[in-house]
Amino acid sequence: MTSWAFSKKIALRYLWSKRSEAFISIITVISVIGVAIGVMVLNIVMSVMTGFEHELREKIVGTDSHIVISNGSGGRIEGWQGVVEAAKSVSGVVSVSPFTYNQVLIRSESRSSGLLVRGILEDSASAEQVKSYLPNSASLDPLFRPPSVTVIDATGEESEATIPGILIGRSLASALGVFSGTPVSILSPQVTSTPFGLVPSFRRFVVVGTYKSGLVEYENGVAYVALAEAQKFFNLGDSVSGLEVRVADVNDAPRLAQLILAKLGGGEAGFAVRDWTLTNKPLWDAIQLEKRVYFIVLLLIIVMASFSIVTTLIMIVLEKRKDIAIMKTLGASTGSVARIFRIQGAVIGGLGTIIGLVLGFAGCVGLKRWGFPIDERIFQMSTLPIQIDPLNFVMVGVAAFFICFFATVYPARRAAQLEPSEVLRYD
């Protein structure tokens with residue numbers, strides 16, 4: 001029998017002791033359960049954190065854009081049609097849509113709020129994205145072809161008139177106390193010269209609907225109007241504030257952004273190209289840091305469970321002192337004796353890790369299927385998000401096994417250092 005086979009046979013026999021040593025078997029089971037619980041909790045928490053990251057990325061990238069092309073000096077983009085064609089020629093780009101972005105003050109009859117008005121082009125990818133935020137698959141037609149509304153002129157008489165439409169967030173509509181068909185006033189910080197001095201630009205819009213993006217801050221701060229109306233109101237002519245680019249693979253956006261910039265002539269051409277990872281870099285860095293901290297902190301649960309493995313192995317060493325002495329007397333090497341207890345610890349840790357991975361996966365599937373309700377006003381989602389990432393499970397499993405295996409070092413060394421003469425002399 002080889003040294004390895006000998007160590008394995010003895011180790012497996014020691015794991016399930018006789019009735020007189022049943023207490024050791026109970027501690028062994030408790031050690032397995034402790035490791036399994038630690039691995040399960042860590043897997044579920046990592047899946048929840050990954051789920052939050054995924055949901056937040058989908059919402060932010062969905063409401064914004066994968067890549068934004070803007071004027072490098074902060075001005076407008078003239079002749080944007082040529083820029084659109086150049087960007088579309090890059091492989092991996094799905095769509096390129098022009099937009100305008102301007103700050104305004106929106107006023108209802110009794111309330112007002114600061115707002116960013118985004119002008120979008122009909123039938124563009126941006127318009128399709130906004131359409132997905134409308135309730136019950138409503139149409140965006142009223143935004144580009146608003147219906148007539150009743151207005152009151154200076155003499156107090158009512159008349160029918162067609163005024164531009166504006167789509168605002170559900171949260172902002174609630175804060176302003178407006179609904180579909182309600183006229184609102186938009187004031188721009190741009191001023192015009194009149195006989196009465198410099199006055200801000202002012203125009204009436206009609207609320208044609210509300211949208212729900214899942215991000216309350218976004219709903220409170222962004223409204224949509226037709227691109228032509230925005231250009232007219234802000235005196236932009238045919239220019240735009242920028243172009244939003246959507247790509248087939250959002251993770252490939254940084255590389256495609258560099259290709260687009262090179263296609264446009266580089267930074268010397270006066271363009272700035274930013275992908276979503278740069279636009280929201282502080283947020284993603286904070287999320288990644290939080291995931292690492294959670295992983296390290298919860299890994300301490302497994303470290304604590306590994307102490308029970310140390311206890312179990314030390315008790316087995318003390319219980320089997322005579323057996324160890326006899327084995328060494330009969331020729332068992334120090335390495336073989338130490339290997340017995342390393343195998344025991346590896347079996348306990350491996351079994352606990354496998355059970356924990358299975359329970360963690362089952363818990364994630366259960367949470368994903370039946371959901372765990374959370375406050376939508378705080379977390380921007382109604383149920384706990386779960387994203388099962390195989391890499392997370394592999395990392396947790398490997399880390400747990402190595403922690404448990406490291407816990408066998410001291411007991412194995414203690415067993416290997418036993419002197420047969422000293423043990424047999426007193427026992």
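**Pocket, helices and strands**

Me: Which strand supplies the largest share of the lining of the second largest pocket?
Reply: That's E1, with three residues. A pocket here is an open set of points on a 1 Å grid over the protein atoms alone where a 1.4 Å probe fits, with protein on both sides within 12 Å along at least five of seven lines, and lining residues have an atom within 4 Å of a point. Bear in mind that this is a predicted model: local features need pLDDT of at least 70, side-chain atom pairs need 80 or more, and totals for chains, interfaces and linings use all residues. Numbering starts from 1 along each chain, and side-chain values use heavy atoms, without hydrogens or water.

Me: Which residues lie nearest the pocket's centre?
Reply: Val 68, Ser 70, Asn 71, Phe 99 and Ser 241, out of 12 lining residues. E1 (67-71) and E2 (93-107) each give at least two residues to that lining; strands are DSSP E runs of at least two residues, helices H or I runs of at least four.

Me: Switching to helices: how do H11 and H16 pack?
Reply: H11 (281-319) and H16 (409-416) pack at about 10 degrees, with axes 8 Å apart. They're therefore roughly parallel (angles under 35 degrees count as that).

Me: Which residues of H11 and H16 meet?
Reply: Val 310, Leu 313, Ile 314, Val 317 and Leu 318 of H11 meet Tyr 410, Pro 411, Arg 414 and Ala 415 of H16, where contact means heavy atoms within 4.5 Å.

Me: Back to E2: how many bridges join it to E3?
Reply: Nine bridges, and E2 and E3 (112-120) run antiparallel. Strands pair if DSSP finds at least two bridges. A hairpin of four residues joins E2 to E3, and Arg 107 sits opposite Ser 112 in E3.

Me: And in which sense do E3 and E9 pair?
Reply: Parallel, over five bridges, with E9 spanning 222-226. Arg 118 has Tyr 224 of E9 as its bridge partner.

Definitions and conventions
Axes are lines fitted to C-alpha atoms, for helices over the stretch in contact, and angles run from 0 to 180 degrees between N-to-C directions. Angles under 35 degrees count as roughly parallel, over 145 as roughly antiparallel, 65 to 115 as roughly perpendicular and the rest as oblique.
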